[in-house]
Amino acid sequence: MTELIDAVKQGDITKVTAILDAGADPNTAAEDSTTVLIFSAEAGQADIVAKLLAAGADVNLCDEDGWTPLMGAAAAGHAGVVKDLLAAGADVNPKTSFGLTALMAAAGGGHQEVVTILLNSGADFTAKDNNNWTALIWAAQEGHKQVMELLKQARDQGKSLSERQI
């Protein structure tokens, strides 16, 4: 593991800053292709995410399975990091090799605020994974009733929440 990966995993913003200032690649990845931005997004480290993005990290760089920083933040329910990644240009609708989207990850985790943010940002609530599951099915499978209601509203209206001006 590199020093930058270790510093990110430790959540040490001072060390991350020093390593980046010394010229480290902000797109550094572990052997499994997980980038430091994915690690920090999954951990909800908003300060480190901001530092990596400012240093030029690719907000859409995914691992070998197609997992993106946005998916990591969405799956873990880190609404602030999700907003930061979207503001930095994160694509809201990419799919993993399994067909999973950030919206499905958030829905399956029961993260209502993140689901709302993603819907407002144009997330495709009709997207299906390789098992033909939509975000609504992911939420239902895990028993997340409030998230199910949000997704049903979006489905019934046939458009994103922002288009309905709520």
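Analyst: A helix here is a DSSP run of H or I with at least four residues, a strand is a run of E with at least two, and both are numbered from the N terminus. By that scheme, Asn132 sits in the loop between helix 8 (112-120) and helix 9 (135-141). Please keep in mind that this is a predicted model, in which local features need pLDDT of at least 70 and side-chain atom pairs count only at pLDDT 80 or more, while totals for chains, interfaces and linings use all residues. Residues are numbered from 1 along each chain as its sequence is written, and side-chain values use heavy atoms, leaving out hydrogens and water.

User: Thanks! Why is Asn132 called exposed?

Analyst: The relative accessible area of Asn132 is 53%. Exposed means over 50%, buried means under 20%, and partly exposed is in between (1.4 Å probe, protein chains only), so Asn132 is exposed. Its backbone deserves a look too: Asn132 is not a glycine, yet its phi is positive, about 70°.

User: Which other residue has a positive phi although it is not a glycine?

Analyst: Ser33 does, with a phi of about 80°. Ser33 is found in the loop between helix 2 and helix 3. Glu31 belongs to that loop as well, with helix 2 spanning 13-21 and helix 3 spanning 36-43.

User: How do you know that Glu31 is exposed?

Analyst: Glu31 reaches 84% relative accessibility, so it counts as exposed.

User: What makes up the negative surface patch?

Analyst: Glu31, Asp32, Glu64 and Asp65 form it. Asp and Glu count as negative, Lys and Arg as positive, and His and the chain ends are not counted. A charged patch joins like charges within 9 Å, using residues with over 30% relative accessible area and no salt bridge. The place of each charge is taken as CD for Glu and CG for Asp.

User: How many salt bridges are there in the whole structure?

Analyst: The search finds 2.

User: Why is the contact between Glu149 and Lys152 called a salt bridge?

Analyst: Their closest N and O atoms are 3.7 Å apart. A salt bridge needs a side-chain nitrogen of Lys or Arg within 4 Å of a carboxyl oxygen of Asp or Glu, so this pair qualifies. Both residues lie in helix 10 (residues 145-157), 3 residues apart, about one turn of the helix. Glu149 is partly exposed at 41% relative accessibility, and Lys152 is partly exposed at 26%.

User: What makes Asp156 and Arg155 a salt bridge?

Analyst: In this pair the closest N and O atoms are 3.0 Å apart, so the distance meets the limit. Asp156 is exposed, with a relative accessible area of 55%, whereas Arg155 is partly exposed at 44%. As background, side chains of opposite charge can pair when their charged atoms come close.

User: Why is Asp84 called partly exposed?

Analyst: Asp84 has a relative accessible area of 34%, so it falls in the partly exposed range. Asp84 is placed in helix 6 (residues 79-87). Its C-alpha atom is 13 Å from that of Asp58, 26 residues away along the chain.

User: Where is Asp12?

Analyst: Asp12 is in the loop between helix 1 (3-10) and helix 2. At 27% relative accessibility, Asp12 counts as partly exposed. Asp12 and Asp47 are 35 residues apart in sequence, with 9.8 Å between their C-alpha atoms.

Note on methods. Patches are made of residues with over 30% relative accessible area and no salt bridge: like charges are joined within 9 Å, nonpolar side chains (Val, Leu, Ile, Met, Phe, Trp, Tyr) within 5 Å. Accessible areas come from the Shrake-Rupley method with a 1.4 Å probe; for residues, only the protein chains shown count as cover.
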